[in-house]
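Subject: Structure handover

Hi,

Have it open while you read on.

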Amino acid sequence: MELHSIQRLAGVLDPLLTVPGGSFRIIEGDFLALGNLRIRLVGIDAPEVAQQCNSAGGGHWECAAEAEDRIRDMLASAERVECFSNEQDSYGHYLASCKADGLDVGGLLVAEGLAWPDEGQGHYLSEAAQAQAASRGIWQAETPTPSEWRKDHN
């Protein structure tokens, strides 16, 4: 998978940071920290920390924990992680797309069924369609998106 064109569209040529993969702390499946720097992966919405997802057999699985574990493993095993951003949200978090040894982290999470694409931004829709067609992860049974889950649990 290639890193989406978001940084090209944004005009970002140099990465916000380039570090060894093991440098990050994982806050959520789509939210990373490096020291005081906070990075929210742009273009995806991973399950909320307490969210469980529905399984094909009618039960539930720990999708939030699995998304966090996957990104932790992906970054920890990477020799180099680059994050590209030129935008911050109202909380001062960088909105970034990141590559782990050249692989698009957000795209991989969506392709593996561990995050939804942020459809408002239009990224990762083909990865989501393929994961849904294969009933991978969050697509194995109807599960509320994180924004729907937050509405029901706040």
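C83 and C98 are both buried, where buried means under 20% relative accessible area, exposed means over 50%, and partly exposed lies in between (1.4 Å probe, protein chains only). These two cysteines form a disulfide with their sulfur atoms 2.1 Å apart; the criterion is a pair of cysteine sulfur atoms within 2.5 Å. C83 sits in strand 8 (residues 81-84) and C98 in strand 9 (residues 94-100), so the bond ties together parts that are 15 residues apart in sequence. The torsion about the S-S bond of C83 and C98 is about 110°, so this disulfide is right-handed.

A word on the source: this is a predicted model, in which local features need pLDDT of at least 70 and side-chain atom pairs count only at pLDDT 80 or more, while totals for chains, interfaces and linings use all residues. Residues are numbered from 1 along each chain as its sequence is written, and side-chain values use heavy atoms, with hydrogens and water left out.

The disulfide count is two. The other bond joins C53 to C63, with an S to S distance of 2.1 Å. C53 belongs to strand 6 (residues 53-54) and C63 to helix 2 (residues 63-76), 10 residues apart. Helices (H or I, at least four residues) and strands (E, at least two) are DSSP runs numbered from the N terminus. The C53 and C63 link is right-handed, with 75° about the S-S bond, and both cysteines are buried. In sequence order, the bonded cysteines pair 1-2, 3-4.

Now to helix 2. Its buried residues are C63, A64, A67, E68, I71, M74 and L75. They cover an arc of only 140° around the axis, which puts them on the same side of helix 2; the arc is taken from the directions from the helix axis to the C-beta atoms.

Last, the largest pocket. Which residues lie nearest the centre of the largest pocket? They are D30, R40, L41, I44 and D118, out of 14 lining residues. A pocket here is an open set of points on a 1 Å grid over the protein atoms alone, where a 1.4 Å probe fits, with protein on both sides within 12 Å along at least five of seven lines; lining residues have an atom within 4 Å of a point. Strand 4 (37-41) and strand 5 (44-45) each supply at least two residues of the lining.

Best wishes
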